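Please describe the fold of each chain and the contact between them, giving the cut-offs behind each term.

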Amino acid sequence: MYAFDYQRPDAIAAAAAILSADPEAKALAGGQTLLPTLKQRLAQPTALVDLSRIPELSGICATTEGVSIGAMTRHADVAASELVRAAIPALADLAGMIGDVAVRNRGTIGGSLANDDPTADYPAAVLALNATVVTDRRSIGASDFFRGLFETALKEGEIITRVDFPKVEKAGYAKFRNPASRYAMAGVFVAKTAAEVRVAVTGAGQSGVFLWTEAGDILSSDFSVQAVSGLALDPSNLMSDLHGSAEYRAQLAKVMLKRALASITG
Amino acid sequence: MNASVSSSVTPIGAAVRRKEDHRFITGKGRYTDDMDRPGQAYAYFVRSPYAHARIRHIDATAAKAMPGVVDVLTGADLATDGLGDLICGWMIHSKDGSPMKMGSHPALAKEKVRYVGDHVAVVIAETLNQAKDAALAVEVEYELLPAVADLATATDGEQIHECAPRNTAFEWELGDKAATEAAFARAAKVTSIDIVNNRLAPNAIEPRAAIGEYDSGDEAFTLWTTSQNPHVARLVLSAFVGIAPENKLRVIAPDVGGGFGSKIFIYAEETVCTWAAKKVGRPVKWTGDRSEAFLSDAHGRDHITHAELAMDEAGHIIGFRVHTRANMGAYLSTFASSIPTYLYATLLSGQYAIPAIYCEVDAVYTTTAPVDAYRGAGRPEATFLLERIVEKAARERGEDPAEFRRRNFIKSFPHQTPVIMCYDAGDYVASLDKALEVADYKGFPARRAESERNGKLRGIGLSAYIEACGIAPSAAVGSLGAGVGLWESAEVRVNPTGNVEVLTGSHSHGQGHETTFAQLVSARLGIPIDQVSVVHGDTDKVQFGMGTYGSRSGAVGMSAIVKALDKVEAKAKKIAAHMLEASEGDIEFKDGRFTVAGTDRSLAFAEVALNAYVAHKFPTSEIEPGLKEGAFYDPTNFTFPAGCHICELEVDPETGVVEIKSFVAIDDFGEIINPMIVEGQVHGGIGQGIGQALMEGVTYDEDGQLVTGSYMDYTMPRAGDLPSFTVGMTQTRCPSNPLGIKGCGEAGAIGAPPAVINALTNALGTEDVPMPATPSRVWAIAQARASRLAAE
């Protein structure tokens, strides 16, 4: 680890001021990606701006549309939240499947989204549920938020404050874990509203999380496992590595879609 | 078990809890990295980022000027000080009689680097961070050479060592070629197989570490290091590297957190720390991180093999022919040459009466980390090969693999195989029968049908393994090229108050010696187990020792203790005879008491111990005072643990996920000192064996870069990946050592991989399933199977 300054402001504005003044400073949320990166000397920020003492960044509340989750809310808290479970049970389930116990007790939803790891779980939920990422400056729709591998619409120094999830009729998530890292090799989130079905896939795409529009379209007219039994995902934009080919990931996405649907439709 | 033993004694065979665990579980273990020496500086190694390159120039000027830097040392400094290379201590001769081609292996590279992670320079600084910062400032100019990362094509690649054309260290053979060819000529059926035995990273929980210290007053060095055999480390560093004479070098291996073989070897890091301590006049500490462990711990396995099995009409195996290419990595590590030769080919007869065997092994250099012993060391490779080809042969004959094995089992002992080994005892039918019963082998078809109804593919696979442990009779291994003898030493020191210290040349790094060795003494001397301390891992305390590997600590290390205990008892009897005013021949020793036969006159062991030191009641002209005896034990043979493992598993053809439904291990380890510890060893071994079969595999890319350099990509088995094992025992006593012990440390890692792959090939209906059988690979095979079935 290289030396850095450590700051722990107690207000969003103060944090934003430090981050804007110093482009080399980095916001520290749960640190589950950032700290290992620092330990391996793969990053050298001038300062870490710890967001954990800013009260308005944490907590979960019910809204008229659904549920709002503060950016610094830990995965374990989302998994255990009655409010989340009442509004979108699949989202609580997803949070309970992230990493291991230690990661869930430290990692945060805001940190996960800002990092936008292509194998992270939350991006699939945010995209499929068409959630809104609220920052200290604006609101960003899910479809505009994710921009590729570790790339989001966030500007320099912009801080996610909360994520607003609209309630849906039905939702389900299934993932296949990478045997080594246990990150998603294919994670599929299915969300059904009165108007449409959205299917998001994480872990498999070359450019990170993406909407599987073909699956969404079919399920919008016939919401059943049978409806997608003949569906295949085009592997040409999927990742290929030591752990599996693009074709394998396409297969996994298909199986996870079926399993996510089965978890909803019984 | 002796029912008359008093309750304060822990008998052999008792499943007592491990004495050392309280220390370990409460965080009070003392590992090398827990030690800090006054004035200590920190070493950080500049490692090669390239697989193969010539070093044109190293400029450390800028690095030396960085804050906190004490010194930067390179191979040139090693040469200036006249230090020798790291060595390989087992000489193998090629078929043509020529000695193996041992490429120069300096602790810091001189002209060339030969793998990613190879040691180029060491930076020594006040803090580790300063050393790391300065390491980035060491300018190394490389002339890149083509990497030789692929074992299959390595002999056609760029030459890695000047002395080794075609990158070949040796081309070795074992067995009777003519007899084997004759067997094949008259064979009714021949089964052939091509096997890749995947390369593994050892992954001890504690990474390697070292602290070198130099006392300029005594002109003596001390090295604290993560070693399975500190005396061997001292011997190599003295006699070959030439750092200091043995009497001026103390090596301490304190608590060590796992080794699996990888801490047998003498590496560059501890060599450099020791040497540098004098050079810079400060203690020098290095603790490897996990990335360095993946890069530079010696890896295991890595074979490519073609083999053929000849059978007669009735299904008797009549010949076995093997050609193996073994990856040595960039340098010959300390015992590397013995692994794919005498620890491999000598086990190719397995549990079977095979009249003719011929094996050729080509040992090949590649620009990858050195490959040496890893849990099982050669024997897993032999067992995997043999148990796969036997399974395949049975299937090709349309015969139950269990029955094919049974027909070919060795059934009388001793049995001389055609590949050196003479098996002393065993009952392979017994372990097979018990395993078949425990696994409900007969009920498999019904379970398979049930799986099929659920869309799953179910398979069952056997492995009847044998291993050679208790390494090894010194003269025998000497005749095969070993540079050392493989006996063990022990010293039993009885204190005046009757408690005991056992000094042993074995080293415990997870095996529980502090318990089992104490159990042996407790049972023998009739004293409570907590009155026995086991001292190991320090060359200043223990006179000499060959260390712990090859499941030798029980069979060899404890046998040395038995010999020392024999001497203690003999001397104590003499003293007791004087104290009891009886003749020595009338003294009986039992349950911790010396008794005059046929009388009620007796003395407790502690009374005799005290008198040995007080020396009031015996003539010291005849009997020396004190009660302390040492012994060296040289085994008369290897030991031959054997057993039968049965794996039953289910494949999800949609995802390729393999779920092990049951794993039965029936092992014959001879006499058991502590069944709980033995069970733990079996569990750990099976975990590693399943890891090799389904998860683990070191991968280099074509440029020789390590792809599996962290746990993000190297799949370690987790508890959730493994079923609850069903372990059981059969027992034939080992006739070759006084305790009848065979050894248990490696059995799981040897027996499990073929059992798993035989089950998987059974489930998938193809013999071609590579290790590790990861979900993506299994899915592809299941897909091909589905297409094949659809076409039929």
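The report below takes the model, each chain and the interface in turn.

## Basis of the model

This is a predicted model, in which local features need pLDDT of at least 70 and side-chain atom pairs count only at pLDDT 80 or more, while totals for chains, interfaces and linings use all residues. Residues are numbered from 1 along each chain as its sequence is written, and chains are lettered from A and ligands numbered from 1 in the order in which they are written.

## Chain A

Chain A has 11 helices and 14 strands (DSSP runs numbered from the N terminus, helices being H or I of at least four residues and strands E of at least two). Its radius of gyration is 18 Å, close to the 18 Å of the globule rule for 266 residues, so chain A is as compact as a globular protein of that length (C-alpha atoms; the rule is 2.2 Å times the number of residues to the power 0.38).

Of the 266 residues of chain A, 46% are buried (20 or more other C-beta atoms, placed from the backbone, within 10 Å of a residue's own).

## Chain B

Chain B comes to 19 helices and 28 strands. The radius of gyration of chain B is 28 Å, close to the 28 Å that the globule rule gives for 792 residues, so chain B is as compact as a globular protein of that length. Buried residues make up 57% of the 792 residues in chain B.

## Contact between the chains

The contact takes 13 residues from chain A and 15 residues from chain B (C-beta atoms, placed from the backbone, within 7 Å). Helix 11 (residues 246-265) of chain A gives the most to the side of chain A that touches chain B, with 4 residues.

Definitions and conventions. A residue is buried if 20 or more other C-beta atoms lie within 10 Å of its own, exposed if 12 or fewer, and partly exposed in between; C-beta atoms are placed from the backbone. Two residues are in contact if their C-beta atoms, placed from the backbone, lie within 7 Å.
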